[in-house]
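Welcome, and have a look at the model below.

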Amino acid sequence: MRVLFVASECFPLVKTGGLADVVGALPLALAGKGCDVRVLIPAYPSVKEKLGETEELYYYADLFGGMAWLRRKDFGGLDLMVLDAPHLYERDGGPYTAPDGNDWGDNHRRFAALSWMAAEIGHLGIDGWRPDVVHAHDWQTGLTPIYLRNRHGARARTVFTIHNIAYQGSFDPATFPELGLPGHEFSHDGVEFYHRVGFLKGGLISADRLTTVSPTYAREIRTAEFGYGMEGVLRMRADALHGILNGVDEKIWDPKTDRLLAAPYSAFKPEGKAENKRVLQEILGLKADPDALLISVVSRLAYQKGLDVLPGLLESVAARGGQFVMLGSGDRHLENLYREIAAQHPGSIAVRIGYDEPLAHWIYAGADAILIPSRFEPCGLTQLYGLRYGAVPVVARTGGLADTIIDANEVALRDGVATGIQFAHVTAEALGFALERLFELYADKETWTALRKRGMCQQVGWDRSAEDYLDLYRSLVDSSAAG
Ligand code: ADP
């Protein structure tokens, strides 16, 4: 089975969120099952820098307005292809936004080019290699199946994965002629969505199969509350839509072997966790106190994440002798609010604004609990890292959070299956009750130790889900052979 992944991010080369972790890890898990996977991403400056020398596969004199090269490199086991189009990707700033924080004005061309390239490989192949399946991720690659279905002759089948339906790649209709698509694709069967050009909509309408990253989110996005306008399209395509849970890269995220940590530990030898807590408190300027309940957040500060309901509760966390650390960035107002709260509670509350991969590891390892009060969460990875590192997850009951954490209610505790705390409705009141339960559980050392250990023993790797993806690819390839 040959599969081409196409995406706008891939850990450790470029990452703004969970998409990168998935695109960096799932291909390796699939390769471990005998699948021949290549990954295509844009050659942003950070990617080129980290890759160094590459093999040139192909040259394009004019790809969406400039010269481009397709390059290849084996990178930590990933068979990687990068689209090196300096006029599209070689600039300072983020993958999607300029240094001033605004979206790049030519994002439609930047990601149409990426999608076109994936379709070209899915149709003609490259280097004598043609995939059976092109697996595209999120709106940036939503045009891939649209381009492919406009090609004649043998071509790859398509899977399109929704990592977050709130990001849709919606552009002015005046951009349509720049995409190189036939006019009929600007229609309700194509990319047109409420008189605009919708990249996500294009992927949803045209891919052979759709997936999203948890079974609960697969149901939620068919409702008006969670569908962000796409619920109608998704209801129409319900038979093609599958929810497959994300996993974590167990080689990177393992407290036994994580070289970033102050001390290794595991579910069966948990002693090292205390040392990580001590070091974290020291780094953050928190009071050295092995017994204080240390609660953490590692997150983008976006409306989705519900972190606007937490600030009013932190006073009482500190008053109860608890500690709190937040690592995150995003909404400027929230960044400032959290900074102010930290300034008012030195020694108890620490806030780090920014993106810091090593600090994220130290926090998962040193914290007792991790809070994820998301309004919606397609899968969520931080609760999985929390489980693995023994930071007990306190999560809103939505999407992948609902699917991966078992609430410590009376029955679940008695039956020995609880792994965290769930609460419903993202309000300060509901989160406040969840925090009360957290303090109570933490005070009961025996129950707490068992809860934490159970979480650390959960299977959160890619094995099961990679098998599910492989089954999906096989069903597509078998059906095209039969047809
Ligand atoms: P999303 O993709 O919506 O941001 P996920 O939970 O799926 O949420 O993935 C978030 C990923 O980004 C995790 O790997 C988490 O550790 C990481 N992350 C989020 N914020 C930060 C930050 N400020 N610094 C370091 N890592 C972060």
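S13 gives the most to the shell around the ligand, with 3 residues. This is a predicted model, in which local features need pLDDT of at least 70, side-chain atom pairs count only at pLDDT 80 or more, and totals for chains, interfaces and linings use all residues. Residues are numbered from 1 along each chain as its sequence is written, and side-chain values use heavy atoms, without hydrogens and water.

**Ligand site**
- Helix H1 (18–31), strand S13 (294–301), S14, helix H12 (357–366) and helix H13 (382–389) each supply at least two residues of the shell; helices (H or I, at least four residues) and strands (E, at least two) are DSSP runs, numbered from the N terminus.
- Gly18, Asp21, Arg300, Gly354 and Tyr364 come nearest among the 19 residues around the ligand, where a residue counts if one of its heavy atoms lies within 4 Å.
- A ligand oxygen atom is 2.8 Å from an N or O atom in the side chain of tyrosine 364.
- A ligand nitrogen atom is 2.8 Å from a polar backbone atom of glycine 354.

**Strand pairing**
- Strand S14 (residues 323–330) pairs with strand S15 (residues 349–353) in the parallel sense over 5 bridges; pairing takes at least two DSSP bridges.
- Valine 325 has alanine 350 in S15 as its bridge partner.

**Cysteines**
- There are 0 disulfides in the structure, a disulfide being a pair of cysteine sulfur atoms within 2.5 Å.
- The sulfur of cysteine 35 is too far for a bond, because the closest cysteine sulfur, in cysteine 10, is 15 Å away.
- For cysteine 457, the closest cysteine sulfur is in cysteine 379, 20 Å away and too far for a bond.

Technical notes: A polar contact is a pair of N or O atoms within 3.5 Å; within protein, one must be able to donate a hydrogen and the other to accept it, and residues adjacent in sequence count only if both atoms are side-chain atoms.
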